[in-house]
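Let's go through the aromatic rings of this model.

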Amino acid sequence: MRKISVRKWRMISQGFFLLLFIFLFIQTESKGNDELGYPVRLFLDFDPLVALTTLLASHALPTAFLLSLIAIVLTIALGRVFCGWACPLGTMNNIVGSFPKHPQAVMPRTWRRFKYYLEIFLVVSSLFKLQLAGIMDPLALTIRSFSVSIYPLCNYSVRAIFDAAYTANPLGISVISEPVYDVLKKTLLSFTQPFYRQGLFVGLLFLLILGLNLWERRFWCKFICPLGALLGVLSRYSLLQRHLSEGCQSCGLCSNVCQ
């Protein structure tokens, strides 16, 4: 039997966690409170950056955030496995980055320091009770983008298509479309059409983050992601690491293609 390569296992893992994220997002219900409900919040509870900045800002750590210790232990033991195997935003960056594009320019290595500066800024600001991690953290950013922009747009588009099909009813298609529409309303679509004034801005920002992959693959992950920077620090002395061969000439090619 042919063995599955590590790359394919990683792609399977990425696909699983992206679908899990979308499933949990759809299952999340608003309880009328000014807070993010379960179950999609589980992703944030595993987030070490959100846990650290919350602890520093409020001098308290909700019990749920103890789940972030699992991510910390895995990172110390195996390296930045979350970034390459589980992060939903990282997976979407990979998908967009695989689209055909012009040859990429080699980005200055010094740009990679920015995410560490951003991480330090978020941690220091939390000491002054200014919690900004929710803006730049990749999980919080993805959840906010889906909630405010992506999901409302998808919801509106699906409803518009089925309403148009019901009104026009070409070839009596409503006999099939209406039962399908009923199932979607009970499973995927919201009870009422959500609308947020900042939806356009958040959506364009999210598209910009994904679009940067057409310039430099995994641009966000390499140069901006503060969670990736924190996990990079934690994985500096991880038990599982790459080791250079004696034939390495320090050409730097691996740093430009390594995911």
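Q: Is F219 buried or exposed?
A: The model is predicted, and the call rests on computed accessible area. The cut-off for buried is under 20% relative accessible area. F219 has 8%, so F219 is buried.

Q: How many aromatic pairs does a search of the whole structure find?
A: Rings count as a pair if their centres lie within 6.5 Å. Searching the whole structure on that basis gives a total of twelve.

Q: Which kind of pair do the rings of W111 and F219 form?
A: The ring centres are 6.5 Å apart. Planes over 60 degrees apart count as edge-to-face. Here the planes are at 85 degrees, so the pair is edge-to-face.

Q: How many residues apart in sequence are the parts that W111 and F219 tie together?
A: W111 lies in the loop between helix 6 (88-97) and helix 7 (114-127). F219 lies in helix 12 (residues 219-223). The pair therefore ties together parts whose separation in sequence is 108 residues.

Q: Which kind of pair do the rings of F146 and F206 form, and which helices hold them?
A: The centres are 6.2 Å apart and the planes are at 80 degrees, so the pair is edge-to-face. Both F146 and F206 are buried. F146 lies in helix 9 (residues 138-168) and F206 in helix 11 (residues 199-211).

Q: Which residue lies over the face of Y181?
A: A charge sits over a ring if NZ of Lys or CZ of Arg is within 6 Å of the ring centre. At 4.6 Å from the ring centre of Y181 lies K185.

Key
Residues are numbered from 1 along each chain as its sequence is written. This is a predicted model: local features need pLDDT of at least 70, side-chain atom pairs count only at pLDDT 80 or more; totals for chains, interfaces and linings use all residues. Side-chain values use heavy atoms; hydrogens and water are left out. Rings of Phe, Tyr and Trp (its six-membered ring) pair if their centres lie within 6.5 Å; planes under 30 degrees apart count as stacked, over 60 as edge-to-face and the rest as tilted. Helices (H or I, at least four residues) and strands (E, at least two) are DSSP runs, numbered from the N terminus. Buried means under 20% relative accessible area, exposed over 50%, partly exposed in between (1.4 Å probe, protein chains only). A charge sits over a ring if NZ of Lys or CZ of Arg is within 6 Å of the ring centre and within 35 degrees of the ring normal.
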